Amino acid sequence: MPIGAVIEFTSITKKFGQVTAVNDLSFTVEPGRVTGFLGPNGAGKTTTLRMLLGLVAPTSGTATFGGLRYRDLPRPLHTVGAALEAASFHPGRTAAHHLGVYTIAAGLPRTRVVEVLHTVGLAEHANQRVGSYSLGMRQRLGLAYSLLGDPGVLVLDEPINGLDPEGIKWIRGFLSSMAAEGRTVLVSSHLLSEVQQSVDDVIIIAKGELVHSGPLSSLDTNIAPQVIVDSPNRDALIMALTDAGVPFTSGRTGLIVAVPDPGRVGHIAFTAGVELNVLHRQKAGLEDSFLALVEGGDSL
Amino acid sequence: MNLILRPVAAEFSKILTTRMWWILALVLFGYIALLAGGLAALFGGLESGAINPDAVNTGGGSSLTGLGSLPPLIYSFASSVGYVFPVLLGALATTGEFRHQTLTPTFLATPKRGRVLGAKTISLFVVGAALGVVGLAASVGVGALVLGGFGVDPLLADGETWALIGRTVLAMALWAVIGVGLGVLVPSQVASIVIVLAFTQFVEPLLRFAAAFTEVTADIGKFLPGAASDALVGASFFTLASPGGTVLEPWQGGLALLAYGLVATVGGYFISWKRDVT
Ligand SMILES: Nc1ncnc2c1ncn2[C@@H]1O[C@H](COP(=O)(O)OP(=O)(O)O)[C@@H](O)[C@H]1O
Ligand SMILES: [Mg+2]
């Protein structure tokens with residue numbers, strides 16, 4: 001059974017000319033858990049993962065697997081499996097040949113090709129040229145590549161992008177089972193909702209900087225609950241709330257009032273004689289916490 | 001040993017699992033067979049008297065027939081004309097990695113990038129040699145057959161012919177290495193192909209022709225890659241067509257070709273191969 005190594009980023013920074021893509025990022029990723037690496041598009045996720053894998057040279061800082069840089073791993077594919085978002089295939093090569101090339105390079109048994117294609121559900125398309133693959137199939141092939149060496153560490157960049165609903169369901173279960181076997185699983189996404197059901201920990205970055213890290217549940221308490229209220233006569237309601245001096249914003253489904261107690265909002269409306277057709281408490285979802293973190297940029 | 005054997009084997013597998021190698025081999029064979037067969041028929045016909053010299057305008061034809069070195073000239077088409085094919089294959093092998101972003105899985109499997117480039121150079125050297133064999137199968141195979149048909153001795157029992165064949169294989173192998181170097185120097189596939197075609201089919205022939213006019217330029221011109229290759233092989237239609245041009249010794253030509261390949265590859269290593277893969 002492969003044992004996952006701890007991934008450790010230490011003050012890693014990458015500048016592309018004037019652009020600082022990743023700025024002084026430090027965090028660790030533990031084995032036996034699925035860690036979501038989250039941030040909006042352009043936050044620096046791909047750059048960070050490529051630095052981890054030795055594909056992009058950091059401007060400063062280090063990224064290691066159990067203390068070793070990727071390029072110093074004695075048998076990299078046996079230790080780390082990676083699937084990066086770009087479609088990295090020669091379109092004229094079949095899936096089996098594509099994987100075959102890298103089993104040769106890594107000194108892996110050729111039987112792994114069929115095994116991993118089977119695992120990702122591409123066995124029937126093994127001898128099809130990759131050029132004819134759909135986006136979802138390419139994602140699966142990328143995943144198959146990452147599994148070739150049966151590695152203890154999986155690094156996946158946006159693996160859910162382009163997958164069909166069935167594939168999404170499958171990969172969620174797959175990630176959890178990999179972590180349950182003791183592997184280290186680091187999976188990036190620009191949408192928390194995509195990975196929410198399968199991640200144990202989250203690392204959230206925005207504009208190349210760390211804004212939050214911890215167990216998924218740590219996102220839960222980040223935003224105070226709110227009250228949603230609406231009236232057939234919204235103008236009157238707005239006036240009542242303004243008079244009462246409670247802060248609110250206009251939302252799609254009504255007014256979002258920044259007080260935790262629906263009773264207080266109901267009372268304000270009652271005393272102003274405003275009829276209500278919506279009044280409920282909304283606990284901000286994880287997604288709201290996530291958005292607040294990456295938009296605000298402040299650590300809560 | 002596995003450290004270099006595995007990447008070399010992987011590079012072979014890359015070449016053999018796409019269609020380009022046999023498409024190029026096929027076109028090379030057809031092209032050279034046509035040229036060698038056609039010219040063997042023309043000169044063989046002239047030499048044997050089957051064709052009346054007055055019936056064709058051969059330019060230097062009358063002196064050609066007197067050369068007695070007709071077979072090597074025709075056999076050398078494999079490299080003097082066919083060298084563009086191994087260059088293309090080599091350039092496609094490297095630029096394809098950039099174009100299809102296969103550098104990512106490649107460098108993940110073999111993080112020591114110099115090793116990968118070395119493996120590519122070695123495998124393309126071998127595949128270039130194989131293209132040399134294909135080209136020779138066309139130039140010697142078809143050429144000798146046609147010459148023999150006209151009663152001209154194809155010189156196949158001559159050791160010098162076989163030495164030329166061996167040097168042709170080496171030249172083609174070195175051209176593939178040059179292709180690899182060009183590919184890392186100019187990673188854009190389109191740009192690389194344009195450079196190969198423009199240089200081999202147009203720029204270099206012109207330069208070689210122009211260089212032959214003065215002694216100084218001729219001394220430089222003999223180091224042009226095509227001239228070096230023809231010098232290595234030891235016979236070429238081109239050197240014959242531009243008389244007076246100075247020519248390198250075969251071993252010098254070989255070293256010059258090797259130098260082109262290595263300088264381009266090492267330069268390309270720093271220019272593109274070592275760069276961030278994003
Ligand atoms: N090769 C590059 N050259 C210049 N800028 C780049 C390069 N790659 C990424 N960037 C910039 O770095 C930032 C982070 O990009 P990226 O790591 O791809 O983010 P993400 O994966 O989170 O969407 C972006 O501003 C992007 O434009
Ligand atoms: Mg990305």
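1. On a 1 Å grid over the protein atoms alone, a cavity is a set of points where a 1.4 Å probe fits but cannot get out, and its lining residues have an atom within 4 Å of a point. In this predicted model, the second largest cavity is lined by A:Ala83, A:Gln139, A:Arg140, A:Leu143, A:Pro159, A:Leu163, A:Trp170 and A:Ile171. About 40 Å³ of space lies in this second largest cavity, a volume being the space filled by probe spheres set on the points, with grid points joined across faces, edges and corners.

2. As to the basis of the model, it is predicted, with local features needing pLDDT of at least 70 and side-chain atom pairs counting only at pLDDT 80 or more, while totals for chains, interfaces and linings use all residues. Residues are numbered from 1 along each chain as its sequence is written, chains are lettered from A and ligands numbered from 1 in the order in which they are written, and side-chain values use heavy atoms, with hydrogens and water left out.

3. For the second largest cavity, the elements that give two or more residues to the lining are α5 (135–147) and α6 (165–180) of chain A, where helices (H or I, at least four residues) and strands (E, at least two) are DSSP runs numbered from the N terminus. The largest share of this lining, 3 residues, comes from α5(A).

4. Two or more lining residues come from each of α3 (95–106) of chain A and α1 (2–16) and α7 (103–109) of chain B, and α1(B) gives the most, with 4 residues.

5. Around ligand 1, the residues with a heavy atom within 4 Å of the ligand are A:Phe16, A:Ala21, A:Pro40, A:Asn41, A:Gly42, A:Ala43, A:Gly44, A:Lys45, A:Thr46, A:Thr47 and B:Thr278. Because residues from chains A and B surround ligand 1, the site is shared between chains. Helix α1 (residues 45–52) of chain A supplies the largest share of this shell, 3 residues.

6. Which polar side-chain atoms lie 2.7 Å and 2.5 Å from an oxygen atom of ligand 1? The former belongs to A:Thr46 and the latter to A:Thr47, while a backbone N or O atom of A:Ala43 lies 3.2 Å from an oxygen atom of the ligand. Taken alone, ligand 1 exposes 560 Å², and the protein buries 64% of that, with accessible areas coming from the Shrake-Rupley method with a 1.4 Å probe.

7. A search of the whole structure finds 16 salt bridges over all chains, each being a side-chain nitrogen of Lys or Arg within 4 Å of a carboxyl oxygen of Asp or Glu. B:Asp276 forms a salt bridge with A:Lys14, the closest N and O atoms being 2.7 Å apart. This pair crosses between chains, from B:Asp276 in the segment after α14 (250–273) of chain B to A:Lys14 in strand β1 (residues 7–16) of chain A.

Conventions
Polar contact = N/O pair within 3.5 Å; in protein donor to acceptor, adjacent residues only side chain to side chain. 1 Å grid on protein atoms, 1.4 Å probe; cavity = no way out; pocket = protein on both sides within 12 Å on 5 of 7 lines; lining within 4 Å.
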